[in-house]
Amino acid sequence: MALPQAKQTVTEERLASLTMPDAGCTRKAREAALERLRQMGLPSRRDEYWKYTRPDTLVSPDAPPAALFVTDEPTMFHEFDRLKVVFVDGVFSPEESDELSLEGVTIDRLEDICCKDIHWAKELYGVLEANGQSPVQHPLAALNTAFASDGVAIHVTGKPSKPISLIYRHASETSDAILHHVVRVESGAEVTILENGPAASRFNKCMEIDIADGGTLHHVRAQGRDHQRRAATHMFTRMGQESVYKSFTLTVNGVLTRNEQVVELTGDDAVAHVAGACVGDGEFHHDDTVFVTHDAVNCESRQVFKKVLRNGATGVFQGKILVKEGAQKTDGYQISQSLLLDDDSQFLAKPELEIYADDVACSHGSTSGAIDETALFYLRSRGVPTREATDMLTLAFLAEAVEEIEDEALAEVIVSRLQDWLARRR
Amino acid sequence: MLEIKNLHVKLEEEDKQILKGVDLTVDAGKVHAIMGPNGSGKSTLSYVLSGRDGYDVTEGTATLDGEDLLEMEPEERAAAGVFLAFQYPVEIPGVGNMIFLRTAVNAQRKARGQGELSATDFLKEVRAKAKALKIDAEMLKRPVNVGFSGGEKKRNEILQMAMLEPKMCILDETDSGLDVDAMKLVAEGVNALRDEGRGFLVITHYQRLLDHIKPDVVHIMAEGRIVKSGGPELALEVEHNGYADILAEVN
């Protein structure tokens, strides 16, 4: 079917501002992605999954300028021993990065996967993104596959002694970055990947993750709290038998953030947890869109999303659990909740379950509410001032999502960041 | 110490007068009990004194050591020395009992211009006081009142009271939902806090709590007023004859 004229125009205008990198072995995948994108068109407000989030500034030819956020606050995860992989405005920076060598893992720059003939990465690039386009389209991810200018291939073969820390620095007020990472976790291997930083004025990131049988990936992300940045991120995860994927995202401010997760449980007994805590203030729009597909027996999936919104901030959650025929003994859980600290903020949620197997336990819930006045009075009656009591209850509200992080030290860092945000009131 | 004069209170939401001229003075070192039938305004009195939203004071005053309570925020009243043991202690998922207690103790100390209690001193004190109330370490770690039994919740209230060392303790039906053993434990906790500088206002339906917490004065409240006051024998009279006789006599 031909695209509506308006959509086609937007798509072509955006494409006109992009150049496909001269990318050797990924060329075919990139051209296929471009073809997919042309068929889908870039998202518009009329698309079912873009009703609550205005895609205009994500699809415009140029990135809307975003002032750099200058702060003397310590950088995220600085307290951890980690292998730093730094990108500045979407370009890998060897000077700022650590030497990419660590036992149990091999890290290569995307542009090197061809000359180094890294088979798994060549074969993975664009594949999970392409698979993930059905039943719901992710045109910005296809755009990413076609035009990504940098990224890394992370091959986990053992249990590296420290986390891989992807750091995205923002240096130019008009930067428009497209990064694409591919990750392969081999059987029995286990890794923690950290991500932080605003990346660019506009950031489009795609990460394709293939977890083999018995592999484990922990992912903890803190998106930069720069007020003006925009980001559309996509994670496509394919999970083998008894594999584990646990992803947590903290988002603090940012004018527009759309985080998509597409998880496919293809091996029996796999466990996927996708969680997020977001706190937004004022001109802030945050969207979590999650699709979990159960295509194997006895798998568990959890989606836990908590949003605290004030001064007119908007939070969106779209989450779906699809249980395919034959995916018996599925345990699917989904909760999305917002705490609205004033009447101007809003939370829009679209939880969905689609189940074609008969022996499953799936539940979902979505709530939106204000601070519990009874609890607030209880705390105040013990002498805790209103502001401090409100903060305690706000943190308590977010706790359920933060508790999804398995590593206690990482969870503590997230909590302390949330406390900072509460204390700053911004 | 606590002085309530001609206190009139109505519900903010509806035009319903709950307290219709309460007069009550509790001196330091004394235990006053308030008894009365359902709907007489006992719990409202406790909420108004602690500063809960939803009530309009239309007339009258309430002061603690001369300070106007009604002008203060709930946390200011707490710092001034008012403590309400809730009839239904609130469950707060996600807030650890210990963190809550420590925040409350230090917030009050700060409000009074005292330094914060060190973590070690706090821990020592809370452990000793919890032990006396048979509150185990596990309970202290759990979120505030979440999954606590009725008895545990009430003991937790008394623990908070013991830690905060208020001047004026208001106990709102602390005996409700307690079995005899739990009630004894709670009463012991309360009695341990009795001293010359501290006043108590014990609100209860039944005389049995007063067997364990011996009052100096007993008041009967009905239809928003204190209709009769007397010694401990008044509670026994209620226990034997119910409220009907007293109300008839007053009317």
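A pocket is an open set of grid points with protein on both sides within 12 Å along at least five of seven lines, and its lining residues have an atom within 4 Å of a point. The views below show a predicted model.

**View 1. Centre of the largest pocket.** The volume of the largest pocket is about 1300 Å³. Its lining consists of 46 residues, and those closest to the centre are A:L395, A:A396, A:A399, B:G94 and B:V95.

**View 2. Elements around the largest pocket.** By residue class, the lining of the largest pocket holds 24 nonpolar, 11 polar and 11 charged residues.

**View 3. Centre of the second largest pocket.** The second largest pocket has about 710 Å³ of volume. Among its 29 lining residues, A:T75, A:M76, A:N196, A:G197 and A:P198 are nearest the centre.

**View 4. Elements around the second largest pocket.** Two or more lining residues come from each of β1 (83-88), β6 (164-169), β8 (190-197), β10 (216-223), β12 (244-252) and α10 of chain A. Of these elements, α10(A) gives the most to the lining of the second largest pocket, with 4 residues. The lining of the second largest pocket comprises 12 nonpolar, 7 polar and 10 charged residues.

Definitions and conventions
Residues are numbered from 1 along each chain as its sequence is written. Chains are lettered from A and ligands numbered from 1 in the order in which they are written. This is a predicted model: local features need pLDDT of at least 70, side-chain atom pairs count only at pLDDT 80 or more; totals for chains, interfaces and linings use all residues. Side-chain values use heavy atoms; hydrogens and water are left out. On a 1 Å grid over the protein atoms alone, a cavity is a set of points where a 1.4 Å probe fits but cannot get out, and a pocket is an open set with protein on both sides within 12 Å along at least five of seven lines; lining residues have an atom within 4 Å of a point. Grid points are joined across faces, edges and corners, and a volume is the space filled by probe spheres set on the points. Ala, Val, Leu, Ile, Met, Phe, Trp, Tyr, Cys and Pro count as nonpolar, Asp, Glu, Lys and Arg as charged, and the others, Gly among them, as polar.
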